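Visitor: Please take me through one part of this model in close detail. I would like to look at the place where the two chains meet, and then at what lies behind it.

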Amino acid sequence: MEKEKIIENLKTIFVKVLEHEEFELNDDLSAGDVSGWDSLSHMLIIGEVEDVFSIKFKFRELNKMKNLGDMITLIGKKINS
Amino acid sequence: MVFTSFNFLIFFPLVAIVYYLTPKKYRWLSLLIASYFFYINIKPVFALLTTGISLSTYIFTRLIDNTENETKKRNYMVVNIILILLPLFFFKYFNGINSGIFTLLESFNLRWPLPEIKLILPIGISYYTFMAIGYTIDVYNEEIEAEKNFGIVALFISFFPLILSGPIERANNMLAQFRESKLPNYKMVSSGLKLMLWGYFMKLVVADRVGIYVDAIFENYEFHNGTSLMIATLLYTFQVYADLGGYSLIAIGVSKILGLNVRENFRRPFFATSMSEFWRRWHMSLITWLTDYLYTPITFAVRKYKIWGIVIALMITFIISGIWHGATLSFVFWGVLQGVYLSVEALTKNNKLAFEKKYNLSRKYWYVFINIILTFILFSASELFGRGTDMSVALTIFYKIFTTSGDIFIGTSSTVIYMFVGLLLLFLKDFTDEYYPDKFLLFENKYKFIRILSYSTIIVIIFLIGVLDGGQFIYFQF
């Protein structure tokens, strides 16, 4: 799956969990930049990502994810392996 | 020897001078010696615990780092966490378990009275246990490499400004600072002194003065009406803030003077507009610790339950936090209350955000004000159960607040006046810091004259109305 497709899917997930569309998805985006993306919604997003892309994260991988770019790279790696 | 004791005022400058004069290579050692001296002066045997926890943590973190085998890594982590939790459980719940069994025996008339052994909780044990656990998990999660110098690990566990009540620090912030042992510049020392001064003000003038009034009511709650009990309940929240918040500022200030940056613990909590925001401003070092090492792993484990997984994690985290405060029914109830508050907010969060946006409410003063008051009342109500009294006492007070009323208890008028002077100053400082961070500066004013006048005024107030008989800090008991 190419990066554009991943971002497109991520956008749907974010809108579903956060219930608004006021964000622009890019590599540097992190939780602080998006209204409602906090420790409550974070794991909801993770759960949706796992369902939509049919992948499973390891807990340690989550700790190392610092921004959206990291998340996209990791998703890409997981679906291609 | 606590921060408010006269001995500390001699001990600390001496430590700072020795630290500055020690060659860079051995500065950590001078801090380690000072820290053990500090702790041994509270009770010598307690130092055995910190040594044991340091040793165990040092050995197991090195073992984790030295193996590639994932199962072994995991086992080392688990074994160390269990080992260092044992003393905490033993000391914290020993008396509770004893009296529980005694009550059971008594109810069957089987109690055979012999002289009882009462254990005292080694002061600070919760704080350094948490720090050691955090460090172990960080090494396991590959967030930080295991420290090779045992002395640095021992210093991290026993660092005297933090050992009694936090802030609960993290290895990734402290270890490197201890290793480098950089001396502070003038700005750091001056800001450290200012933090200490304000910390002493919060503790001695606000917390202890409010404490006199609040205790007078709570300790005789049978004789007071609901109005007075309600006032005491609201004031108690300020007392805890000034007590632990003041302590934290002194700890942070002391560390700064030694050239070490320690995380903040409170950020003007009473201006929070929701409980979730409140918990990002109140006892922050504990709550981020719980978030990282308890809440997040739990939410990860139960993420397939979606939002209900979050609710489960919130409830478990805060119930554990309650039990950490003490193994009593009222503390558990305190935790349940926090869990319920936050769960309700989690479940309604998106609707609330949308609603606020639709009517542009977050910019309206009255709306913000109502939310601040509501948050404060919700938290104060929960603190009635977080005071360490019996559940029945807390419930009686709660019931009386809603069923009786009358004149507010005054007692000695000087107590009330002093209390309000302190509270007013604290409120004004927090209010301007919150809404006008660059205006009405006193300690940071650009004119030296105003700065000196402010320091002197606060010092005079501390000596005039501070409670200077060396009272204890509330959070030492946890």
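**The interface of chain A and chain B**

Guide: Across the interface of chain A and chain B, 12 residue pairs are in polar contact, both residues being at pLDDT 80 or more. That cut-off applies because this is a predicted model.

Start with the side of chain A. Helices α1, α2 and α3 of chain A each supply at least two residues of the side that touches chain B. The largest share comes from α2(A), with 10 residues. By residue type, the side of chain A that touches chain B divides into nine nonpolar, six polar and 10 charged residues.

Now take both sides together. Here 25 residues of chain A are in contact with 21 residues of chain B. The area buried between chain A and chain B is about 2,000 Å². Carbon and sulfur atoms give 53% of that area. Three residues deserve a look: A:Leu40, A:Phe59 and A:Arg60 supply 35% of the area that chain A buries against chain B, more than any other three residues.

Next, the charges. There are seven salt bridges between chain A and chain B. A:Arg60 forms a salt bridge with B:Glu142, and the closest N and O atoms are 3.1 Å apart.

Over all chains, the count comes to 23 salt bridges. One of them lies within chain A. The side chains of A:Glu61 and A:Lys78 meet at 3.0 Å, N to O.

Chain B has salt bridges of its own. The side chains of B:Arg263 and B:Glu169 meet in one, at 3.6 Å, N to O. This pair links distant parts of the chain, 94 residues apart. B:Arg263 is in the loop between α10 (226-257) and α11 (275-278) of chain B, and B:Glu169 is in the loop between α7 (160-163) and α8 (171-180) of chain B. The two partners are placed as follows. B:Arg263 is partly exposed, at 25% relative accessibility. B:Glu169 is buried, at 1%.

Another salt bridge joins the side chains of B:Glu434 and B:Arg268, at 2.8 Å, N to O. B:Glu434 lies in helix α17 (residues 413-435) of chain B and B:Arg268 in the loop between α10 and α11 of chain B, so the pair ties together parts that are 166 residues apart in sequence. B:Arg268 counts as partly exposed, at 22% relative accessibility. Elsewhere, salt bridges that share partners join A:Lys16, A:Glu48, A:Asp51 and B:Lys306 into one network.

Last, some backbone details. The peptide bond from B:Gly166 to B:Pro167 is cis, with omega near 0°. B:Pro167 is found in the loop between α7 and α8 of chain B. In chain A, A:Glu19 has a positive phi of about 60°, although it is not a glycine. A:Glu19 lies in the loop between α1 (3-18) and α2 (39-53) of chain A. B:Asn360 also has a positive phi, near 50°, in a residue other than glycine. B:Asn360 sits in the loop between α14 (329-358) and α15 of chain B, and is partly exposed with a relative accessible area of 40%.

Key
Residues are numbered from 1 along each chain as its sequence is written. Chains are lettered from A and ligands numbered from 1 in the order in which they are written. This is a predicted model: local features need pLDDT of at least 70, side-chain atom pairs count only at pLDDT 80 or more; totals for chains, interfaces and linings use all residues. Side-chain values use heavy atoms; hydrogens and water are left out. A salt bridge is a side-chain nitrogen of Lys or Arg within 4 Å of a carboxyl oxygen of Asp or Glu. Helices (H or I, at least four residues) and strands (E, at least two) are DSSP runs, numbered from the N terminus. Buried means under 20% relative accessible area, exposed over 50%, partly exposed in between (1.4 Å probe, protein chains only). Contact means heavy atoms within 4.5 Å. Buried area is the accessible area (1.4 Å probe) that two parts lose on being put together, summed over both. A polar contact is a pair of N or O atoms within 3.5 Å; within protein, one must be able to donate a hydrogen and the other to accept it, and residues adjacent in sequence count only if both atoms are side-chain atoms. Ala, Val, Leu, Ile, Met, Phe, Trp, Tyr, Cys and Pro count as nonpolar, Asp, Glu, Lys and Arg as charged, and the others, Gly among them, as polar.
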